[in-house]
Amino acid sequence: MQNKKVKIESCRSNVVSWPGWRLDFSDGCLVMGVLNVTPDSFSDGGEFFDSDKAVEHGLKMAADGAAIIDVGGESTRPGSDPVSADEQIRRVVPVIEALCEKTDVPVSIDTYKFEVARAALEAGAGMINDITALSDERMGELAAERQVPIVLMHMQGTPATMQIEPEYDDVVGEVLEFLLGRAKRAGKFGISKDMIFIDPGIGFGKTSKHNLSLLRNIDKFVAAGYRVLVGTSRKRFIGKITGKEKSAERIFGTAATVALCAAAGVSVVRVHDVAEMVDVVKVANKLIPDFPDEVVQRK
Ligand code: HH2
């Protein structure tokens, strides 16, 4: 395997700033901490359903070095059912308000529902994580109007059905093409390229083989010119490889994916175990030759 240094497009300035916040990528990859205010998330379901516990955990993640805290009020694990916008708002808004009062770390809202995103931004959130990549175009208008970054994630199907025999002819090509199309659509709403994160959606309508292909080729997503966010944390394919049934036992498996993503030039990793993964990215970032002007891309 030959290593080839490739210049990444100049849209990738080291600092992304928007009203109220900034993310500094000068040292490389950053960590986004997961905060699920849900009774049923696949890994931390029920742990932070209580608002006070959620806020406490969010603040701990900030203290542990999270650059972003991603708050969600609906589990999208395989087989999950949708949660109404009203209920999501009831779950996340008090947590977002408290976090924004107590920390400077930007809070992202993990939702594909426009009403939830709007309420979260009003409560102080500064970023949108849309796992359906603008399936509701009002999300694009909202992100553009409020000048906040947006994550556009790929998913085949819906959480209720996505793991029933997902199929692709060329998973890497198809997922990348979809994301570039959605990023272009976001651009048409007036969202600047720097504010768009693309995410291959590990585990969302993908078999383990698909997930591994996407991760092996994550450099192709990085080279596409948008910032890349990846969420592998504690996911099932890691348990399958390591034989770890319990999601909390998948931390070292997660660490392998996080280190390799950072080395490939991924901008943000979305994780549950913030303290551990902050150490992983700190070391991985130091091992990237000549980062950030160049990343090593496998040919
Ligand atoms: N994964 C999950 C949820 N949101 N968002 C992005 N952008 N990328 C991801 O990979 C991603 C995501 C699933 O993980 P989790 O939030 O821990 O579980 P649940 O959906 O059960 O709450």
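In the predicted model, Glu-145 is exposed, with a relative accessible area of 56%. Its salt-bridge partner is Arg-146, with the closest N and O atoms 3.6 Å apart. Arg-146 counts as partly exposed, at 28% relative accessibility. This pair belongs to a set of 12 salt bridges.

Another salt bridge joins the side chains of Glu-137 and Arg-185, at an N to O distance of 3.3 Å. Glu-137 is partly exposed at 37%, and Arg-185 is partly exposed at 30% relative accessibility.

The side chains of Asp-70 and Arg-270 also meet in a salt bridge, at 2.9 Å from N to O. Asp-70 is buried, at 0% relative accessibility, and Arg-270 is buried at 15%. Together with Asp-110, these residues are linked in a network of salt bridges.

The ligand is surrounded by 19 residues, of which Ser-41, Ser-75, Asp-199, Lys-235 and His-272 are the closest. The shell consists of seven nonpolar, seven polar and five charged residues. Strand 4 (30–36) and strand 8 (150–153) each contribute at least two residues to this shell. Oxygen atoms of the ligand lie 2.5 Å from a side-chain N or O atom of Ser-41 and 2.7 Å from a polar side-chain atom of His-272. A ligand nitrogen atom is 2.8 Å from a side-chain N or O atom of Asn-129. The protein buries 99% of the 470 Å² that the ligand exposes when taken alone.

Methods: Residues are numbered from 1 along each chain as its sequence is written. This is a predicted model: local features need pLDDT of at least 70, side-chain atom pairs count only at pLDDT 80 or more; totals for chains, interfaces and linings use all residues. Side-chain values use heavy atoms; hydrogens and water are left out. A residue is near a molecule or strand if one of its heavy atoms lies within 4 Å of it. A polar contact is a pair of N or O atoms within 3.5 Å; within protein, one must be able to donate a hydrogen and the other to accept it, and residues adjacent in sequence count only if both atoms are side-chain atoms. Accessible areas come from the Shrake-Rupley method with a 1.4 Å probe; for residues, only the protein chains shown count as cover. Helices (H or I, at least four residues) and strands (E, at least two) are DSSP runs, numbered from the N terminus. Ala, Val, Leu, Ile, Met, Phe, Trp, Tyr, Cys and Pro count as nonpolar, Asp, Glu, Lys and Arg as charged, and the others, Gly among them, as polar. A salt bridge is a side-chain nitrogen of Lys or Arg within 4 Å of a carboxyl oxygen of Asp or Glu. Buried means under 20% relative accessible area, exposed over 50%, partly exposed in between (1.4 Å probe, protein chains only).
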